[in-house]
Amino acid sequence: MAAGRLTAWLSRSSGLGRGGMIGGRVTLALDPLALRRLGRERTVVLVTGTNGKTTTSLMLTRALEALAEVAANSDGSNMPDGVLAALTARPDAPYAVLEVDETYVPWVAEQVQPAVLVLLNLSRDQLDRVGEVRATERELRAAIAALPGTVVVANCDDVLVASAASAAAKPVWVSTGRRWTGDSTACPRCEGRVETRDGHWGCACGLVRPEPGWTLEGDLVRTPGGRQVDLDLRLPGDANRANAAVALAAAHRLGVPPHTAAARLRTISDIGGRYRTIRRSRHSVRLMLAKNPAGWVETLRVLDEDTPVVVAVNANEADGRDLSWLWDVHFERLRGRQVVVTGERGADLAVRLCYAEVAHWTEPDPVAAIDALPPGGVELVANYTAFRELTGRLSGA
Amino acid sequence: MRDSVVHIGLLLPELLGTYGDTGNAQVLCKRLRWRGFDAEVVPVGLGGPVPSSLDIYLLGGGEDRAQVLAAAHLRKYPGLRRAAACGAVVFGVCAGLQLLGTRFRGLDGVDHDGLGLLDVTTEPGARRSVAELVATSPGLPAEEPLTGFENHLGLSKLGAGSEPLGQVVRGTGNGDGTEGAVTDRVVGTYLHGPALARNPALADLLLAWTAGHPLGPLSLPEVDRLRQERLVAPRRRRTS
């Protein structure tokens, strides 16, 4: 292990990259059973889903720190390498909260045999890399069926999640609501039509919305015991309240009382720079990440109405090379605002906005795009690598 | 355009809406409206029959099982085939292309009947083609190249009843150097992007067929810039 940790330190200190990934890769090469050994020595929570993994993992980490030290890949390195690096960095932590890329959950879960698996939501994302979300659901369902000792905490309002988590012996269902339904109008089991009424959903084949034990109602979470917990988060939006509700349920399962957990969640004000406001000489820029249609549904609801918006789009490998998904985002809602298009693939977004009849102008450099706006607030929304690049540049400024 | 409103059918978006191809409907609708025509997008879902009264029918990409169900639905309700026989314009992308053909083989090795509107048969290839796709387009005014993003396993063979839409310059397309298929006013392609956003000349060709005459020019600098960017040879990108 020492060699792996040293490499991570070298990578960090030389500024070459994110230490997490490189450290993990070396260790895996040294010891293929490392993940299994490091994972099974402690209580592991895996967090997966298309959106909200990093946020929910940080929430759970904060909550479980009420009990003891927690190992976590809070930098968002959610491939097996990053997971291993997180465990290696804190070999003595009795708990681990690990966010895992949806497609790697079956493999990672088999190695670490998690105490809890958190399943947030499933929707289309990076079709060129991840593939179709319905195939991901089937793989997760099979993986969950092979984890009889794992408690699955899952969102019962998401049809694909409910289908996958129903394979668990005793799932803990959390109702968080849902706004993106684009991937579940057809049933994941039989492709029949999923009918939705008053927040309930069901298909004629028998797949129906499970009854939740935990329910998010506005800013309150109702526990299975009927208690109400105020969230009062510093993070904005319903998506974060949904993440918090799931985090409370999972933390409760491991012995953290909901009120204690909620108080600890309130200490979180940004997640790896997301939602953080950066003050520059003429602008205060709020940073937001949106990298797929479902994420954009939430982001469009959080954007401040009277503030100019800068949207940065890249299409590197980690973003997905195919930007067709921009056409699944209801950008029409940006009409009437000041909108600046930027990023390596700003041209793709500009065409989308043109057809959405959203007035905009283009500035290829994201920082120049901000600087060109009149003084005041700026809402900056970027996808994955665009966001990473920008937080680096803006924080360094 | 039997009446003054052009009806653009978006077929089975719940099954064939996975790859952003619903944008094709929006592109056609806006390109008509901006030229002073009335146009309307009509989503046609799984819930009922397929109308035969629409002017344009659009089918997008979807996954394997969804494609089988979509083909079954469109064979059960004859609206699309009837409309095509009467000269309606049909445009299918990826799974849409495959199910417009005579036959396609699923991942399970089972052959399924398509709609037979294109003389195309499809079988799974050895590996998925996931990349930018560029093809020539002899049928388009000024022969502007076609560009888009392909993401498919299936390889398609054309029979005598269909012509290729173009020849592949970069990427896989049908798998034999050709890309897409055309029979009368039925067009299939492997181009996502969506195809009609990335290829306005193709969009306007479909609209000209519908209108019965070419439409006036429509200049969108954003589209020109995107085409310019996507048609240059791929640059080496930083890996991330």
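Gln126(A) sits in the loop between β4 and α7 of chain A; helices here are DSSP runs of H or I with at least four residues, strands are runs of E with at least two, and both are numbered from the N terminus. Gln126(A) is not a glycine, yet its phi is positive, about 50 degrees. Buried or exposed, then, for Gln126(A)? It counts as buried, because it has 20 C-beta neighbours inside 10 Å. The cut-offs are these: 20 or more other C-beta atoms within 10 Å of a residue's own make it buried, 12 or fewer make it exposed, anything in between is partly exposed, and the C-beta atoms are placed from the backbone.

Before going on, the ground rules. This is a predicted model, in which local features need pLDDT of at least 70 and side-chain atom pairs count only at pLDDT 80 or more, while totals for chains, interfaces and linings use all residues. Residues are numbered from 1 along each chain as its sequence is written, and chains are lettered from A and ligands numbered from 1 in the order in which they are written.

Chain B has a counterpart to that loop residue. Glu143(B), also not a glycine, has a positive phi of about 50 degrees. Glu143(B) is placed in the loop between β7 (120-135) and β8 (146-158) of chain B.

In α6, residues 105-112, the buried residues are Val105(A), Val108(A), Ala109(A), Gln111(A) and Val112(A). Looking down the axis of α6(A), these buried residues fall within an arc of 160 degrees, so they line one face of the helix; the arc is that of the directions from the helix axis to the C-beta atoms. What covers the buried residues of α6(A)? The cover includes α3 (34-40), β1 (43-48), α5 (80-89), β4 (116-119) and α7 (133-145) of chain A. Just past the end of α6(A), Gln113(A) has a positive phi, about 45 degrees.

One of those covering elements, α7(A), can be described as a helix pair with α6(A). The two pack at an angle of about 15 degrees, and their axes are 9 Å apart. Axes are lines fitted to C-alpha atoms, for helices over the stretch in contact, and angles run from 0 to 180 degrees between N-to-C directions. That makes α6(A) roughly parallel to α7(A), where under 35 degrees counts as roughly parallel, over 145 as roughly antiparallel, 65 to 115 as roughly perpendicular, and the rest as oblique. The contact is made by Val105(A), Pro106(A) and Ala109(A) on the α6(A) side, and by Glu139(A), Leu140(A) and Ala143(A) on the α7(A) side. Contact means that the C-beta atoms of two residues, placed from the backbone, lie within 7 Å.

Next, the interface. The contact between the chains takes 25 residues from chain A and 33 residues from chain B. On the side of chain A that touches chain B, α7 and α12 (346-355) each supply at least two residues. The largest share of that side, 6 residues, comes from α12(A).

Chain A has 14 helices and 17 strands. Its C-alpha trace spans about 55 × 55 × 40 Å along the principal axes. For 397 residues a compact globule would have a radius of gyration near 21 Å, and chain A, with 21 Å, agrees; the radius is taken over C-alpha atoms, and the globule rule is 2.2 Å times the number of residues to the power 0.38. Of those 397 residues, 55% count as buried. Of the contacts in chain A between residues at least 6 apart in sequence, 68% join residues at least 24 apart.

Chain B has 7 helices and 12 strands. Taken along the principal axes, its C-alpha atoms fill a box of roughly 50 × 45 × 35 Å. A compact globule of 240 residues would come near 18 Å in radius of gyration; chain B has 17 Å, which agrees. Of the 240 residues of chain B, 51% count as buried.

Val6(B) lies in strand β1, residues 5-11, and is buried, with 23 other C-beta atoms within 10 Å. Val6(B) and Phe37(B) are 31 residues apart in sequence and 7.7 Å apart in space, C-alpha to C-alpha. Lastly, which form does the peptide bond from Gly193(B) to Pro194(B) take, cis or trans? It is cis, with omega near -10 degrees. Pro194(B) belongs to the loop between β12 (186-189) and α5 (195-198) of chain B.
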